[in-house]
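Welcome! Take a moment to look over the sequence and the model, and then we can walk through a few of the contacts together.

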Amino acid sequence: MSLVSAVGSLLLLALALAEGLQGSQAVGRVSDWLSPVLILLGCYLLIQLKRFAEQRFAAQRLAWPVWAVIVCSLLLGVLDVLWGPATSELGWQMLSYFGVLAGYGALLTWLGIRLRQVQNVYPVFNLMAWMDIIGGIMLASIILLVLAMLPLIGANLAMAWVFFKAAAEWRRH
């Protein structure tokens with residue numbers, strides 16, 4: 001499912017570029033339903049990652065950052081549905097949306113730092129944590145918003161790798 005999330009995020013990015021270039025409403029409609037699906041999938045995967053890290057690596061202190069990231073991502077999804085195009089026009093809605101987006105980046109950074117503190121993990125787990133830290137900082141800056149998608153998609157791919165390693169480990173036992 002992490003791979004689906006990463007591919008879906010790439011598709012969403014491509015759709016956003018296509019919509020910007022063509023202005024097609026059909027492309028916008030696909031983005032409108034794909035985005036909430038990917039948000040919910042991301043929340044589910046984050047909960048599963050937390051559960052796995054706590055069980056496999058005895059990770060501690062992940063609950064607050066994980067739930068904060070989930071709440072903030074759901075809030076961003078709701079704001080996107082409610083305000084839609086108003087978030088791209090200068091005004092209080094745009095400023096509010098970007099404020100929540102900057103907070104989301106800060107929360108991702110916090111989560112990445114907490115993930116880095118987990119001991120005796122797979123190397124790819126640390127890579128995922130670093131990708132969350134880098135992507136979170138870039139997202140919090142707002143200036144690097146579009147570029148932040150690359151390390152965050154990389155974090156999704158690393159998460160998939162973590163789950164694949166766990167599955168292979170489980171099969172051996």
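## Salt bridges and a helix pair

Lys50 and Glu54 sit four residues apart in helix H2 (residues 25-57), so about one helical turn separates them. Please keep in mind that this is a predicted model. The side chains of Lys50 and Glu54 join in a salt bridge, with 3.0 Å from N to O. Lys50 counts as buried because its relative accessibility is 15%, under the 20% cut-off. Glu54, at 30%, counts as partly exposed.

How many salt bridges does the structure hold? There are two. Glu169 pairs with Arg56, and their closest N and O atoms are 2.5 Å apart. This pair ties together distant parts of the chain, with Glu169 in helix H6 and Arg56 in helix H2, 113 residues apart. Glu169 is buried at 18% relative accessibility, while Arg56 is partly exposed at 37%.

Here are the two pairs in brief:

| Salt bridge | N to O distance |
|---|---|
| Lys50 and Glu54 | 3.0 Å |
| Arg56 and Glu169 | 2.5 Å |

Helix H6 (residues 149-172) also has a partner in helix H5 (residues 123-141): their axes come within 8 Å and cross at roughly 160°. H5 and H6 are therefore roughly antiparallel, and the crossing is left-handed. On the H5 side, the residues in contact include Phe125, Met128 and Leu139, which meet a set in H6 that includes Leu152, Trp161 and Val162. By class, this contact has 14 nonpolar, three polar and two charged residues.

Conventions:
Residues are numbered from 1 along each chain as its sequence is written. This is a predicted model: local features need pLDDT of at least 70, side-chain atom pairs count only at pLDDT 80 or more; totals for chains, interfaces and linings use all residues. Side-chain values use heavy atoms; hydrogens and water are left out. Axes are lines fitted to C-alpha atoms, for helices over the stretch in contact, and angles run from 0 to 180 degrees between N-to-C directions. Helices (H or I, at least four residues) and strands (E, at least two) are DSSP runs, numbered from the N terminus. Angles under 35 degrees count as roughly parallel, over 145 as roughly antiparallel, 65 to 115 as roughly perpendicular and the rest as oblique. A crossing is left-handed if the near helix is turned anticlockwise from the far one by less than a right angle, and right-handed if clockwise. Contact means heavy atoms within 4.5 Å. Ala, Val, Leu, Ile, Met, Phe, Trp, Tyr, Cys and Pro count as nonpolar, Asp, Glu, Lys and Arg as charged, and the others, Gly among them, as polar. A salt bridge is a side-chain nitrogen of Lys or Arg within 4 Å of a carboxyl oxygen of Asp or Glu. Buried means under 20% relative accessible area, exposed over 50%, partly exposed in between (1.4 Å probe, protein chains only).
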